[in-house]
Each structure stands twice: as structure tokens, then as C-alpha cells.
Amino acid sequence: MRPRAAAATVWYLRLVALLNLVAVLLVPFRNTVRHHSEGDFFTPYLVTAGLATMVLSLFLAVAMRRRKRAAWIFNIALGGLTFLIYVLALAWPGENHFRDHGFNYFSAVLTGLLVLALLVGRKEFVSKGDRSNPKMAVATFIGGLLVGGAIGALLVTLNNSLPGAGLGDRFGYALARMITIEPTEHVQDVIDVPTWVNAFINAMSAVLFLLVLYVAFRSPRDKELLNPDDEQQLRELLAKQGGRDSLGYFALRRDKAVIFSPTGKAAVTYRVVGGVSLASGDPIGDPEAWPGAIELWLAEAREHAWAPAVMGASEEAGVIYARHGLDALELGDEAIVELDEFSLEGRAMRVVRQAYNRVKRAGYTIRIRRHEDIPEEEMAELLTKADRWRDGQTERGFSMALGRLGDPADGRCVMLECHDAEGELRAVLSFVPWGDKGLSLDLMRRDRETENGLMEFMVIELLEQAKEIQLERVSLNFAMFRSVFERGSRLGAGPVLRLWRAVLGFFSRWWQIESLYRANAKYRPIWEPRYLLFEKSSEIPRIGIASARAEGFITAPSLPALFRRRHVRVASVPSAPKLPTAERGGKG
């Protein structure tokens with residue numbers, strides 16, 4: 001009964017929000033509701049003809065659906081008080097006009113049923129809010145009143161047509177309008193402003209109301225990020241099982257948190273963005289221990305009312321996540337080149353071969369080194385130029401990017417440096433380890449004034465020398481919605497598929513969706529599907545926004561670029577096993 005009772009309270013609040021909206025829009029219905037809210041009548045809990053109660057009931061419905069304890073406390077307190085008043089009004093002895101109206105009994109019974117449902121389903125509402133929410137809500141309300149009152153007083157000063165109003169009168173008039181209290185007769189005698197001024201002050205009141213509700217019921221932010229002990233434990237798991245997932249090393253991003261399984265043999269790394277607990281890639285460690293880590297991660301998400309989601313999970317991990325209640329949506333494909341199958345020969349590789357030969361004839365050369373083998377001075381130059389060549393100020397990447405360069409803890413990462421005929425550095429590629437026999441692309445940067453095809457030249461040089469440096473596979477970029485571009489261009493593609501391809505092509509002007517697919521397809525890779533995992537379909541828009549923020553496609557306001565952190569090279573650590581170094585001529 002508890003889940004059904006909890007769901008009933010959510011649907012009640014949704015219905016109330018709808019009725020209040022209809023009352024706002026339709027004058028006859030609004031008059032009926034107001035008639036039953038005045039004098040000897042009363043209506044069910046939160047049923048009014050006001051826009052404010054419509055917004056309040058909608059917010060409460062969302063919070064209750066997310067099983068927030070604060071929303072339950074609010075409803076049981078206000079709903080219980082309302083029900084008590086209704087019962088006392090109907091039971092009051094003597095002459096009682098409230099008992100003359102049958103609708104009052106209906107309102108009292110319906111409100112009582114809501115209170116009963118809240119009591120029955122109380123154990124379902126376990127999601128914790130931030131402890132600072134009540135104080136922040138009060139501070140937001142007071143601060144908003146002061147700011148709104150000051151703006152309103154300024155508008156009144158500029159537009160008042162009557163003399164005699166002092167600063168206190170103007171400020172008091174603005175405050176009264178913001179909290180919808182009728183101003184005093186004295187204020188009305190000295191203030192007369194256009195209707196738009198009152199409407200603007202009322203709009204500020206509505207914005208303040210929404211802001212206070214958001215602050216009061218917001219989910220807590222995760223403050224526990226990866227610490228040195230967690231990172232060391234993750235590195236130990238990657239040393240044993242790192243070859244399973246090409247995205248495994250990206251779990252070491254330090255803007256993530258981690259939850260380990262009870263046995264410590266597996267872990268889920270995630271980041272909380274906009275109320276979404278966003279994991280990426282597969283769990284780290286032994287697949288037999290994955291369920292333990294997944295269960296703890298989901299339990300934490302539900303405890304804090306976070307929407308759980310996974311970006312870039314493989315099919316193997318998707319099956320295990322599905323057993324824990326998550327659904328899957330194909331996100332795209334990862335391009336993986338198996339080196340024993342790669343060759344520049346053949347007609348299909350002619351365009352790539354020509355671009356490679358053109359760049360090579362121009363005198364460009366490649367140098368391959370592990371990060372730990374790069375001297376401090378050279379690494380400093382690499383970091384400076386990598387920052388200069390970055391496309392925009394935002395560092396993009398989350399699920400398939402490490403988010404740092406030159407950290408001594410990442411000594412096993414591999415750097416490809418491309419120099420022109422004069423020996424000037426023109427481009428860099430950085431790869432993270434994928435087990436002992438693989439690499440996964442992390443960062444691509446190049447000078448915009450270089451030859452076209454430079455990146456292809458660097459990748460092919462790596463693939464050509466892979467056997468000499470004992471590599472078996474290389475993971476390149478991720479191609480989002482690859483199947484749409486591939487199938488949408490075929491003969492006989494349906495109108496829906498063609499329309500979807502056209503939409504993605506339009507957005508590719510800014511987000512390089514199609515260009516990444518074309519760039520990867522040149523190498524004729526194996527396409528490994530990656531999935532977006534989620535618990536509820538209704539959360540997909542919220543998850544999409546959180547993912548875009550995490551990946552850097554949507555940027556929240558931040559500090560000026562002068563204060564933004566850049567790549568930092570810190571003190572060195574003990575070296576990892578050496579990587580055979582290729583000379584600038586490209587020969588290992």
C-alpha cells in the first residue's frame with residue numbers, strides 16, 4: 001500500500017495544479033472556485049483560483065515524485081492543519097453555516113484522504129535535501145524582498161503622478177505589491193502609477209516565489225570527490241581489469257566521486273550535475289562484483305533524489321544495469337581500430353593514403369613518448385601550446401576525456417608530437433592506457449594554420465608503428481548517432497530517418513556530430529555501440545541537459561578566463577615502464 005499511497009499524493013497534486021491552471025485561464029470556472037473559497041464555503045487542499053498555488057502544487061508534485069522528505073513534511077504539516085480546521089469548522093457547536101453546504105463535506109473528506117495517503121506512504125519519502133535549504137530559502141525570501149522592493153521603489157519614483165510620497169512610502173508600496181497585500185489608504189493617496197509598474201512588481205514577486213521554492217526543495221550537491229586513496233584503489237583495479245573497457249582510465253577524473261562494492265573489487269565513478277548522478281563507461285573492476293557497486297550507487301542516488309544515469313556504457317554493462325531497473329538508449333558508437341586488421345592498402349583507403357602522403361612530403365614528422373619521458377621544459381611548452389590551440393575556453397569532455405594533461409600520476413599516457421619541416425611543434429595527440437595492449441584517445445590539439453589531414457597523418461603514424469610498441473588496439477573518437485548518418489544516407493532510407501539525419505546535420509554546424517563520424521570512418525574501424533542508461537523516460541530531458549553540461553556543450557556562467565585553471569605540471573613521480581621512442585623521422 002505504501003507505494004500506491006505515495007503515488008496517489010503525487011497525482012492529487014498534479015490534478016490540483018491542472019485545476020488551478022484552468023481556473024486562471026477560464027473566467028467562469030475561476031468565479032466558481034472563488035465562490036467556493038469564500039464565506040461559508042471551503043475547497044480541498046490547495047484548490048484555489050490563483051497562479052501562485054498552481055505553481056506551488058506543481059513544485060510539490062515534482063518533489064513528491066522524487067520522494068523528497070522535505071516535501072512530505074511540508075504537505076503533512078499544511079495539509080494536516082487544513083484538515084483540522086475543516087473538521088473544527090464542521091463540528092463547531094451552535095449555529096453553523098458551514099454544515100449547510102454539502103461541498104464542504106466533500107472538501108473535508110478529500111483533504112482527509114490526502115492526509116491519510118501521506119501518513120500511509122510516509123516511509124516512501126526518504127530522499128534527503130540539503131540541510132542548508134531552509135536557511136537558504138529564508139535568506140532568499142528576505143533578500144529577494146529587499147532587492148525587489150528597491151527596484152519597485154525606483155520604478156514608483158520615476159512613474160508616480162502624485163506628490164507627497166516619501167522613500168518609505170514608495171518602498172512600502174513595492175513590498176506590499178510583491179506580497180499581494182493592499183497598500184494603506186495613506187499610500188494610495190500619494191502614489192498613482194501606471195498598470196505596467198504594478199504588473200512588473202507582481203512579476204518580480206512570481207520570480208521570487210519560484211526561486212524560494214527551488215531553494216527550499218533542491219537536491220544536495222555531492223561534495224565527496226575523488227581523493228588520493230580512492231584514486232590509488234581505482235588504479236589497482238585498473239591494473240587488474242583495465243583491459244575490459246576502453247573508457248576505464250577516464251574514471252580517474254578528479255571531478256568525479258566513487259562508490260566501491262562491499263568487497264572492494266568493483267567501483268562506479270560518477271558526478272552529480274543538476275540533480276543527476278551521472279556515471280560514465282562501465283563499472284571498474286571484476287564484473288562479478290559490479291552489481292554490488294551498482295546497488296550502492298543507485299541507493300545513494302535515491303537517498304538524495306538524484307536521477308541515476310550512465311553515459312557511454314557498453315552492451316555488457318548495459319545488461320547488468322538493466323537487471324537493476326535501468327533502461328537503455330543507443331547513444332552512438334566508439335571507433336576501435338584492431339591493429340592486426342589495419343592497412344593503408346586498397347581502394348577504400350585511397351583518400352586517407354593520399355592525405356597521409358601529402359603531409360609526409362611536406363616534411364612533417366612524429367615523435368611518440370610516454371608522458372613520464374618528457375622533460376619538464378618540453379612538457380611546459382606542450383601544455384602552453386595545447387591551451388593556445390584549444391577550440392574555445394571551455395574544456396570539453398567528461399565520459400571520454402581525462403580533463404588534465406601533464407600530471408605525473410599519468411606517466412603511462414602516450415603523447416604524439418607532430419613537428420613541421422622547420423622542427424616547430426604543430427600538433428599533439430594524447431592517449432590514455434587501455435590495459436597493457438591498448439590506447440584510448442584523450443586529447444587532440446593542432447595549430448589552425450597547419451596542413452589539412454595533419455591529424456590523420458598522426459593517427460596513421462601511430463597505427464603503423466603500433467606493432468613496434470606492442471599495441472594491439474586503439475580507441476579513437478566516439479561518434480554520436482553514427483547509425484543515423486550511415487543508414488540515413490542509404491538508398492531507400494525512410495522519411496523519418498532522413499529528417500532525423502537532417503536535424504543532426506544542422507546541429508553538427510556547432511557540435512561536430514557528423515564530422516566526428518566521418519573522421520573516424522576513414523580508418524575503417526570496428527564500431528562498438530555505447531548506450532545511455534536511465535531509470536525513467538521522463539528524466540531523459542533532464543539527463544540530456546546534465547550530460548551536455550558535463551561534456552562542456554552547455555556552459556554555466558563562470559569566472560573570467562583570467563582566473564580559469566589551466567593545465568599544470570607538478571613534481572614528478574617514480575616512472576612507469578618505458579615506451580619505445582620513435583625518432584622524428586617516424587621510424588621506431
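This is a predicted model: local features need pLDDT of at least 70, side-chain atom pairs count only at pLDDT 80 or more; totals for chains, interfaces and linings use all residues.
Residues are numbered from 1 along each chain as its sequence is written, and side-chain values use heavy atoms, with hydrogens and water left out.

**The cavities**

- Searching the whole structure turns up three cavities of 30 Å³ or more, a cavity being a set of points on a 1 Å grid over the protein atoms alone where a 1.4 Å probe fits but cannot get out.
- The largest cavity holds about 80 Å³ of space, with volume taken as the space filled by probe spheres set on the points, which are joined across faces, edges and corners.
- Its lining residues (an atom within 4 Å of a point) include Leu238, Arg244, Asp282, Trp290 and Glu316.
- Helix 10 (228–241) and strand 4 (284–285) are the elements giving two or more residues to that lining.

**Overall make-up**

- The protein has 19 helices and twelve strands, which are DSSP runs numbered from the N terminus (helices H or I, at least four residues; strands E, at least two).
- Of the 588 residues, 48% are buried, meaning under 20% relative accessible area, with exposed over 50% and partly exposed in between (1.4 Å probe, protein chains only).

**Helix 4 against helix 5**

- Helix 4 (residues 69–91) and helix 5 (residues 102–120) pack at about 145°, axes 9 Å apart; axes are lines fitted to C-alpha atoms over the stretch in contact, and angles run from 0 to 180 degrees between N-to-C directions.
- On the helix 4 side the contact (heavy atoms within 4.5 Å) includes Trp72, Gly79, Gly80 and Phe83, and on the helix 5 side Ala108, Gly112 and Leu118.
- By class, this contact has ten nonpolar, eight polar and no charged residues.

- Trp72 sits in helix 4 and counts as buried at 9% relative accessibility.
- Leaving out residues up to four places away in sequence, Trp72 touches Met64, Leu118, Arg122 and Phe125.
- Arg367, in strand 7 (residues 365–370), is partly exposed at 23% relative accessible area.

Key: On a 1 Å grid over the protein atoms alone, a cavity is a set of points where a 1.4 Å probe fits but cannot get out, and a pocket is an open set with protein on both sides within 12 Å along at least five of seven lines; lining residues have an atom within 4 Å of a point. Ala, Val, Leu, Ile, Met, Phe, Trp, Tyr, Cys and Pro count as nonpolar, Asp, Glu, Lys and Arg as charged, and the others, Gly among them, as polar.
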